[in-house]
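Open the model in your viewer and keep the selection panel at hand. The tour goes stop by stop.

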Number of protein chains: 2
Amino acid sequence: MKAKVYRTIHRTLLLGACTLFAAGAGAAEKELPPKPSVTDIVKASKPSDWRALDPDNTLYMEMPWGRVVIELAPTFAPNHVKNIKALVRNHYFDGLAVVRVQDNWVVQWGDPNDETDKARPVKGAQKTLKAEFTVPLANDKHFTRMPDVDGYAPQSGHSNGFPVGRDPKTGETWLAHCYGMVGVGRDSDADSGGGTSLYATIGPARHLDRNITVVGRVVSGMPQLAALPRGPAPMGFYDKPEMNVPITSVRVAADLPPEQRSRFDVMRTDSAAFQAVLDAQRNRGGPWTKVAMHHVDLCAAPVPVREQKP
Amino acid sequence: MKAKVYRTIHRTLLLGACTLFAAGAGAAEKELPPKPSVTDIVKASKPSDWRALDPDNTLYMEMPWGRVVIELAPTFAPNHVKNIKALVRNHYFDGLAVVRVQDNWVVQWGDPNDETDKARPVKGAQKTLKAEFTVPLANDKHFTRMPDVDGYAPQSGHSNGFPVGRDPKTGETWLAHCYGMVGVGRDSDADSGGGTSLYATIGPARHLDRNITVVGRVVSGMPQLAALPRGPAPMGFYDKPEMNVPITSVRVAADLPPEQRSRFDVMRTDSAAFQAVLDAQRNRGGPWTKVAMHHVDLCAAPVPVREQKP
């Protein structure tokens, strides 16, 4: 079966393996010319197309199955990033848990005893902060615009590895809720979050843009987080303490000795390589693809990440 | 914690519970007026806003944890639906397995021994069929258009409970690859699928529209399918037979006695209730939401489903 299905509904067709099929398409179908896939572009990329994660803005969330790596985005949420790092350095998250998984929506973690008299103290950090839903356009020097239409933002594209929206009229920019983006849970009050309760998106969530403070994204570990059991209680909460998925610890990468750090590179989103990645998804080549879309949604074009081999 | 997070990043805020917060938003934020949520609209809906699934076009895929319910869409893939029902009535799928879960992409099932000499015979059904990527516009009498911009289709909206795209210029309509849609795996040849290998989407996949035959959607069971372990082999395949997730059986609902059938209703997508559902997601009300989007993506507006209580 694999020989067949390996070429089925793939994202990153390796063209070399399939050139024999160039004449095999259905008679009624036009044959699209082959073109490089995302995999091809990553293979052909230069070291300068990539940047290493900044250890001072990288979190390691250690889970029972291994490490989740989160890249923080201080450009977009400077005060929340500072506060989350203060919480991490207080070991606030150690021993807390994933408490909610709602299908096609979010994985959320924090203190299961929050708002009880057993709530964990935040020590030198803040429990709540003024919202950072957007920042001034001028704060962001790395924006590369996508030409593709986007119903959720007047302009959209990428900034330094993150998907972002922009509104030149209001002078605002913000991180967009694509898969694996990490945001700050809050109450109805805009300023009621601070980073003690965080979530990663596992479904369409762009309507949260500009409504919640987004602090970064998961660059490694989504397949494990997204496969956690959905919670049976309303909104996907786990309804028994034993369902909670324990967080062993969270650390700032810079606080670990180099030999204990993970080494991930993110493709530079202002590189020609990344523009080629976008185009490889906007207009796929044959032989598998029969109709090119001439479009790619902001959230349908994940920014490539790769682990550096030691 | 629940009291707090229950109101956090929710989809379907129950307004009654939150009226006390009307004055609580951050000083810098405008307060949006409250409006009915999807939950409110479903509660207030009339019986005529719903239709029951047609037992002759409903499949039950029995899994170790329970039943997955799939609604077939003969309007959009008449020959494939007929063939899949023939396969099911031959008990083709009984004892086969989920063989692939690729994160943020697809869950795929079929014959682990396909393309070996142990491949299961299709008996009176077909192994491959001519592609049904699109059908003529005239075939579909139920389309309700959404006004929201869509980069993947000149027109988009819903038809009889399914998300669809349309192109008046080419005279075609097709099912759109939103969450939980079920499609037919194929090789590079357009006509190389037939329904022996099926998948459900668990991530952004609209670029598959018009490139693959879509036969229906999962109306119950996605939370379990989407939480299956991701496969470690390339493209998310399980690399050991013991990882395969067994399918106990697949049956056409009409072939079971009424007392063994599940009873699900789908909201009629040409009803005023569904238009209100779309608007509840397009322009959310306060107090939690601070900025309404004035937009909802086709795939960010799932069609409500409810189980009839016996």
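Over which ring does the charged end of Arg210(A) sit? Select Trp174(A): the charged end of Arg210(A) lies over this ring, 4.5 Å from its centre. A charge counts as over a ring if NZ of Lys or CZ of Arg is within 6 Å of the ring centre and within 35 degrees of the ring normal.

Some ground rules before moving on. This is a predicted model, where local features need pLDDT of at least 70, side-chain atom pairs count only at pLDDT 80 or more, and totals for chains, interfaces and linings use all residues. Residues are numbered from 1 along each chain as its sequence is written, chains are lettered from A and ligands numbered from 1 in the order in which they are written, and side-chain values use heavy atoms, with hydrogens and water left out.

Next, select Arg67(A) and Tyr60(A). Arg67(A) lies over the face of Tyr60(A), 3.9 Å from the ring centre.

Now the aromatic pairs. Rings of Phe, Tyr and Trp (its six-membered ring) pair if their centres lie within 6.5 Å; planes under 30 degrees apart are stacked, over 60 edge-to-face, and the rest tilted. Over all chains, the count is two. Select Tyr92(A) and Phe93(A): the ring centres are 5.1 Å apart and the planes stand at 90 degrees, so this pair is edge-to-face. Switch to Tyr92(B) and Phe93(B): their centres are 5.1 Å apart with planes at 90 degrees, so this pair is edge-to-face.

Are these residues of chain B buried or exposed? Tyr92(B) is buried, at a relative accessible area of 2%. Phe93(B) is buried, with a relative accessible area of 2%. In chain A, Tyr92(A) and Phe93(A) are buried. Buried means under 20% relative accessible area (1.4 Å probe, protein chains only).

Move to chain B and show its strands (DSSP runs of E, at least two residues). An open sheet of nine strands runs S14-S4-S5-S12-S11-S13-S3-S2-S15, with antiparallel pairing. Strands pair if DSSP finds at least two bridges between them. The edges are S14 (245-246) and S15 (249-252) of chain B, each pairing on one side only. Inspect S5 (residues 106-110) and S12 (residues 198-201) of chain B: they pair antiparallel over four bridges. Val107(B) stands opposite Ala200(B) in S12(B).

Terms used. Buried < 20%, exposed > 50% of the residue type's maximum accessible area, 1.4 Å probe, protein only.
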